[in-house]
Structures are given as C-alpha cells and as structure tokens.
Amino acid sequence: MKRIAWMLACLLTAGAAMAAGQQANAASATGHWVGTWGTAPQLVESHNNPPSPGLGGNSLRQIVQVSIGGERVRLKLTNEFSNGSTEIKAVELAYAKTAGSSSAIDESSTVSLTFNGNAGVTIPAKGKVTSDPVDLHLDSRQNVAITIHYGSASSTNVSGHPGSRTTSYLKSGNTTDFSGATTTDHWYNILALEVEAPEEAGAVAILGNSITDGRGSTTNQQNRWADVLSRRLLANEATSQVGVLNMGIGGNCVLGGGLGPTGASRYQRDLLGQEGVKWIILFEAVNDLGGAQNGVQTAKRIIDVYKQIIREAHQKGIRVFGGTITPFKGNSYYSEDHEKGRSTINKWIRTTQMLDGVIDFDLAVRNPDDTIAMQSQFLFENDWLHLNAKGYETMGGCVDLELFTKTGPLAADDEEDSYGEALWIEAESLRTNTVGTAFQLVEDGAASGGKYLMTVDQTASAAPADSAHMLVADFSVKTADTYYIYARVLCPTWDDDSYWVGVDGPMSNFANGLQTTSWDWKELFHGTLQTGQHQLLLGGREDGACLDKLCIAANAEPPTGMGGSATATHLGYRLSAEACSVDLYSMNGIRLTARHATGPCIELSRAADGTILSRKIVVRQ
C-alpha cells in the first residue's frame with residue numbers, strides 16, 4: 001500500500017508540475033528551477049531596521065553564498081510584511097570577491113535584471129516578485145552580490161531577515177560605488193536565488209530557529225551547520241546536485257510567540273513553496289519548550305504540527321527528515337518539565353514510522369557524561385543553548401548523506417492508531433451552503449487540516465432553531481455499546497466554553513466547562529448507542545468557542561494530539577422540504593402533530609418495530 005501511495009504521489013506531483021509548466025512564460029516553460037539560496041522573511045524589528053541613510057532613494061549591496069551552481073539564474077524579492085509598496089529602480093547581480101567582508105565585486109560579471117522586461121518594479125504591500133531569468137554562470141558556493149537601487153521605500157516597515165550573519169552595504173543615491181558605505185549585518189527584501197538545473201537536481205529546505213539561522217557562527221564566513229552540510233553534499237558525487245535552503249529564523253517558535261511567523265504558519269511558504277524541494281528537515285521547538293507551561297503537552301502539539309507537515313510533504317512526493325532537539329541544560333530554558341518535553345519530541349523523532357530519516361543532532365553534540373547537557377567545547381558565549389563554529393561543524397558533519405540518495409516509497413503518512421476504532425470528523429466538513437454557515441471558518445496551522453470553526457453570534461439561553469447555527473453529522477455504529485463523543489476544542493475563557501448537543505434527538509442538553517487555552521479534547525456526550533444509524537446535532541452556545549475535530553469511539557479516554565485521519569464514510573447532512581410522515585419534533589424537542597409545521601424540525605422515520613431508520617432536519621419556510 002505504501003508503494004501504491006508513493007506512485008500516486010509521484011503521478012500527482014508530475015501532474016502538478018505539468019500544470020505549472022503550462023502556465024509559465026515561454027522563457028522558463030521548459031526550465032527546471034531549483035532554489036540555490038534562500039532565507040525566511042519576517043517583519044524586521046525596529047532595532048534591526050536599515051540604518052541611515054535608509055533605503056528610499058539609495059542603493060544597497062547584499063552578499064549571499066549559493067549552494068549549487070548553474071548557467072541561468074533568477075531572483076525573488078519580498079515585501080510580504082510591509083504595509084506600503086516598495087519601488088525598485090534597478091537590480092544587478094555580480095560575483096562578490098568575498099563572502100561579505102567587503103563590498104568588492106568582479107565588475108565584468110555584472111548583469112542587470114529585468115521584471116517582465118522592465119528594469120524596475122514596484123512590489124506591492126504584502127507582495128513578492130520574481131525577476132526574468134538571466135544568463136549568469138554560477139559555481140557551487142559562489143559568492144553573489146545583489147545590488148538594489150531603491151526609489152520610494154520605507155525604512156521603518158521592512159520585510160527582511162535580520163539574522164544574515166553577513167554584512168550589507170548601504171550608500172546614498174543611485175550608485176555602484178560602495179566605498180565608505182554604511183554597513184549593517186542584515187538582509188532586506190531579498191528572498192531567494194534560483195538556478196536552472198538538471199532534472200535530477202533538487203533542494204533541501206530546513207525549518208529552524210536561531211541554531212539553524214546561525215547564532216554563534218562567524219559573521220561573513222558562512223559556517224552555519226547548513227553551510228557545512230551544503231559543502232559536504234557538493235563534494236559527494238551522488239549528492240552534488242542538492243541545494244540547501246536555510247529557513248531558520250532566530251527566536252522562532254513552531255506554535256506561538258517568538259520572533260517571525262510561527263513554524264506552523266510559515267511551513268507552506270518556507271518549505272513546500274520553495275522551487276525544486278525534494279527534502280525537508282524539521283529542526284525547531286527549543287523556543288517553544290523554553291517558554292512552555294507544560295513541556296510534554298507542548299511537545300505533543302509540536303509533534304502534531306510535524307505530522308501535518310509530513311502528510312502535506314508526502315502528497316508532493318517530498319521526503320521529510322527529523323532533527324533531534326539539542327540539549328539546553330544550563331540555559332534559562334532548562335527545567336525538568338521542559339526536559340521532559342524535549343525527550344518526548346526526540347523519542348518520537350527516533351521511533352516514528354512517519355519520518356523518512358533521522359538526523360540525531362542531540363547525540364552528536366551532547367555530553368556523554370551528562371547527556372542532557374551540551375559538550376562545553378561547543379558552547380557559544382557559555383549560554384548552554386547556542387553552538388559555536390566548532391559545534392556547527394559537528395552538526396553539519398553528522399548528517400548521513402545517504403538520506404539524499406534514497407529511492408522507493410515514502411514513509412507512512414500516519415502512525416498506527418493505538419487509540420482503537422474511532423470515527424474522526426473534521427469540523428469544517430460539516431459546514432455547507434445551508435448548514436453551519438453562522439460558524440466562522442478560520443485557517444490555523446495548529447488545527448487538524450489547517451482549519452477550524454469558531455462560534456459567532458450565539459446566546460446561551462436556548463438551543464438554536466435554525467440550520468445556520470448548527471452542525472449535523474450522520475454516523476453509524478457496528479455494535480451496541482457505550483460511546484463517547486469528543487471534540488478537539490480551543491475555548492480560551494469560561495465565557496466561550498460550551499455547545500448545545502443532541503444525539504438522536506433535539507439539542508436539549510449542552511456540554512459546558514470546556515475551557516482550555518490550547519487545542520485539547522473534551523467530552524461532549526456519552527451514552528449507549530444501538531447498532532445502526534445515528535445523528536449528532538451540535539449548536540453554538542457562546543461566542544468564541546473554537547471547534548477543530550470530532551471523535552466518536554467506545555473509549556472512555558479522550559484522544560490526544562490531532563487524532564486520526566478524517567473518516568468520510570457515514571458522515572454528512574440531509575436537508576428536506578417534504579412533509580414528514582412519521583414522528584416530527586421541533587428543534588426544542590416538542591413533538592408536533594401538524595404534518596406541515598413551519599420552521600426547522602427533526603423527522604424520525606421508523607420501521608414497524610419502532611427502530612429508527614433515518615433522521616432528517618426538515619426546513620420549511
């Protein structure tokens with residue numbers, strides 16, 4: 001089955017690539033583009049904004065070091081986090097003579113970029129642009145200078161990457177002479193360099209925080225662990241066409257807080273959205289754990305996000321590797337509880353069947369005599385968290401290069417379900433054009449399937465009487481038993497922690513006290529259900545209650561994490577405008593005698609022995 005799934009994923013990926021190629025312009029329709037350098041953007045913090053004279057009307061030279069080489073190149077620029085447009089008058093690429101320690105370039109190598117044939121481009125607020133391809137031979141690990149001449153541009157609301165570990169050069173006016181320029185160790189507006197490469201070429205994108213971003217590495221020496229890995233890949237014939245894209249952000253978190261967009265919200269852009277990505281490395285979480293109130297619970301939520309990334313990556317035919325979290329005993333992040341969280345994540349990485357490979361950074365750098373602490377020889381500024389250049393050399397050197405030569409089926413898309421037989425229902429699947437429309441659909445990377453439903457415009461005084469404020473799920477059970485219905489909810493306060501609930505009848509009861517400040521499973525109902533068809537009615541009761549997923553199981557213990565994959569069989573809703581011929585109830589549970597009662601009601605169709613055969617919500621004008 002795994003091989004079939006892998007073949008289907010390859011076919012789907014090929015189909016998607018074909019569709020994308022049909023939409024490309026003639027200049028690049030036949031090209032295979034692969035990211036050779038990239039960085040993860042964010043809104044630049046005020047203390048990292050461009051120094052005087054600022055960007056507007058001036059010139060900025062930034063140095064990057066690519067991974068794989070090529071003969072044609074294109075540049076991506078970003079304005080994603082800016083609230084105003086940024087005007088670019090011109091952009092040039094050239095070979096840089098250093099990895100950032102000077103602004104000097106090989107003048108003869110200079111090429112001017114165009115954007116849809118124009119020398120300049122205005123990047124709209126929240127937007128991105130890609131240059132036209134240009135002929136420029138790049139060697140592997142080539143230092144490239146990107147010179148941008150700005151028109152109107154803000155220097156206080158800028159999209160960029162503060163942790164460049166590379167010096168940039170800013171000079172007044174439209175100039176290519178950067179002698180005496182102001183220096184700043186940050187990148188602004190640049191997003192990615194891509195090369196046209198052979199079909200076998202691909203890139204690995206790394207989701208990370210400051211340890212991947214390179215805090216503790218040497219400015220202008222390009223010796224982050226990702227750089228070390230890149231040089232090893234290039235030196236190995238079997239992996240010499242593998243580009244490395246460092247998507248680390250200093251201070252970043254997977255779930256919330258921290259600096260920059262969360263890992264859960266940015267992985268589709270920074271990992272799945274990169275050109276030519278064939279591999280992903282997941283190596284975050286230490287900042288989440290360092291601020292956690294419950295280390296194990298936080299770890300499980302991070303694992304849930306990792307699982308979601310894996311599933312989506314596998315759908316695109318991308319292999320995913322997990323990097324174990326390095327030790328931090330001795331840092332302020334450390335506590336016994338936080339260490340339990342780190343242990344939980346690392347155990348899952350080492351044992352899960354979902355990952356396509358493991359990179360054991362923890363084992364490589366930990367102290368063999370105190371395995372929850374780092375070796376002192378690797379410490380940067382003795383903070384017991386970040387590594388120095390020697391530590392990054394060790395990290396980059398511990399990666400098994402054979403991970404990048406694997407062929408055959410991808411790993412599993414889910415883990416074996418130890419919870420037992422259960423019915424899993426994504427909340428958003430119950431919202432249609434006529435049912436549940438009053439529930440607000442919200443996108444969230446920490447939610448199962450990336451979406452959830454939030455209750456709005458509700459009052460607690462009575463169950464809703466219209467289909468817009470209710471969700472309906474038909475389901476069946478194989479055997480009579482005591483069944484539990486659980487909901488994965490986020491109910492931050494006691495004023496938004498309840499739902500009206502009805503099983504095989506009107507919503508005459510409500511589940512209250514569901515308060516939780518993070519996604520968690522709460523019981524809505526339990527009771528004996530007979531073999532056959534049943535129906536769950538769920539109504540909003542208080543504004544702000546968030547519903548992600550439902551679980552129906554004969555299990556007195558609630559699920560954990562995101563639960564199992566959604567089950568389509570036996571789920572749905574039924575609406576009818578026909579008169580009921582058997583038992584008819586109002587939404588408040590009152591049996592109706594009139595055969596053509598108005599308003600929403602419930603129809604129970606029964607067999608001769610009284611067995612309920614079907615249920616319908618009936619809506620009449």
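Trainee: Let's start with one residue. At 44% relative accessibility, what does Ser429 count as?

Mentor: Before I answer, keep in mind that this is a predicted model. Now for the cut-offs: buried means under 20% relative accessible area, exposed means over 50%, and partly exposed is what lies in between. With its 44%, Ser429 counts as partly exposed.

Trainee: Where is Ser429 found, then?

Mentor: Look at the loop between S23 and S24. From there, the side chain of Ser429 reaches the backbone oxygen of Glu426 at 2.6 Å.

Trainee: Let me zoom out. How many helices and strands does the protein have?

Mentor: Nine helices and 36 strands. There are 621 residues in the protein, and buried residues make up 57% of them. Contacts tell you something else: take those with a separation of 6 or more, and 78% of them come from residues 24 or more positions apart.

Trainee: Can you show me some residues that touch others well away in sequence? What does Asn209 touch?

Mentor: Leaving out residues up to four places away in sequence, Asn209 touches Gly248, Ile249, Gly250, Asn252, Phe283, Glu284, Ala285, Val286 and Asn287. Asn209 is in the loop between strand S16 (202-208) and H2. Its relative accessible area is 1%, so Asn209 is buried.

Trainee: And for contrast, is Glu107 buried or exposed?

Mentor: Glu107 counts as exposed, at 54% relative accessibility. This residue lies in the loop between strand S5 (86-95) and S6. Glu107 and Tyr95 are 12 residues apart in sequence, with 7.9 Å from C-alpha to C-alpha.

Trainee: Now backbone angles. What is the phi of Asn116?

Mentor: It is positive, about 55 degrees, although Asn116 is not a glycine. You'll find Asn116 in the loop between strand S6 (111-112) and strand S7 (121-123). Its relative accessibility is 71%, so Asn116 counts as exposed.

Trainee: What about Arg141: what is its phi?

Mentor: Arg141 has a positive phi of about 60 degrees, and it isn't a glycine either. The loop in this case runs between strand S9 (134-138) and strand S10 (143-150). Arg141 is buried, with a relative accessible area of 15%.

Trainee: Is the peptide bond from Ser52 to Pro53 cis or trans?

Mentor: That one is cis, with omega near 15 degrees. Pro53 sits in the loop between strand S2 (42-43) and strand S3 (59-65).

Trainee: On to helices. Which residues of helix H9 are buried?

Mentor: In H9, residues 389-397, they are Gly391, Tyr392, Met395 and Gly396. Look down the helix axis: these buried residues fall within an arc of 130 degrees, so they line one face of H9. Among the elements that cover them are helix H2 (210-213), H3, strand S18 (277-283) and helix H8 (361-365).

Trainee: Which residue caps the N-terminal end of H9?

Mentor: Asn388 does, with a side-chain oxygen 3.1 Å from the backbone nitrogen of Lys390.

Trainee: Last topic: how do I think about holes inside a protein?

Mentor: Rolling a probe the size of a water molecule over the atoms shows where empty space is left. In this model the count comes to four cavities of 30 Å³ or more. The largest cavity holds about 190 Å³ of space.

Trainee: Which residues lie nearest the centre of the largest cavity?

Mentor: Trp37, Gly38, Arg224, Asp227 and Asn246, out of 19 lining residues. The elements giving two or more residues to that lining are strand S1 (33-38), helix H3 (225-235) and strand S17 (242-248).

Trainee: How many residues of that lining are nonpolar, polar and charged?

Mentor: Five are nonpolar, 10 are polar and four are charged.

Conventions
Residues are numbered from 1 along each chain as its sequence is written. This is a predicted model: local features need pLDDT of at least 70, side-chain atom pairs count only at pLDDT 80 or more; totals for chains, interfaces and linings use all residues. Side-chain values use heavy atoms; hydrogens and water are left out. On a 1 Å grid over the protein atoms alone, a cavity is a set of points where a 1.4 Å probe fits but cannot get out, and a pocket is an open set with protein on both sides within 12 Å along at least five of seven lines; lining residues have an atom within 4 Å of a point. Grid points are joined across faces, edges and corners, and a volume is the space filled by probe spheres set on the points. Helices (H or I, at least four residues) and strands (E, at least two) are DSSP runs, numbered from the N terminus. Ala, Val, Leu, Ile, Met, Phe, Trp, Tyr, Cys and Pro count as nonpolar, Asp, Glu, Lys and Arg as charged, and the others, Gly among them, as polar. Buried means under 20% relative accessible area, exposed over 50%, partly exposed in between (1.4 Å probe, protein chains only). The arc is that of the directions from the helix axis to the C-beta atoms. Contact means heavy atoms within 4.5 Å. A polar contact is a pair of N or O atoms within 3.5 Å; within protein, one must be able to donate a hydrogen and the other to accept it, and residues adjacent in sequence count only if both atoms are side-chain atoms.
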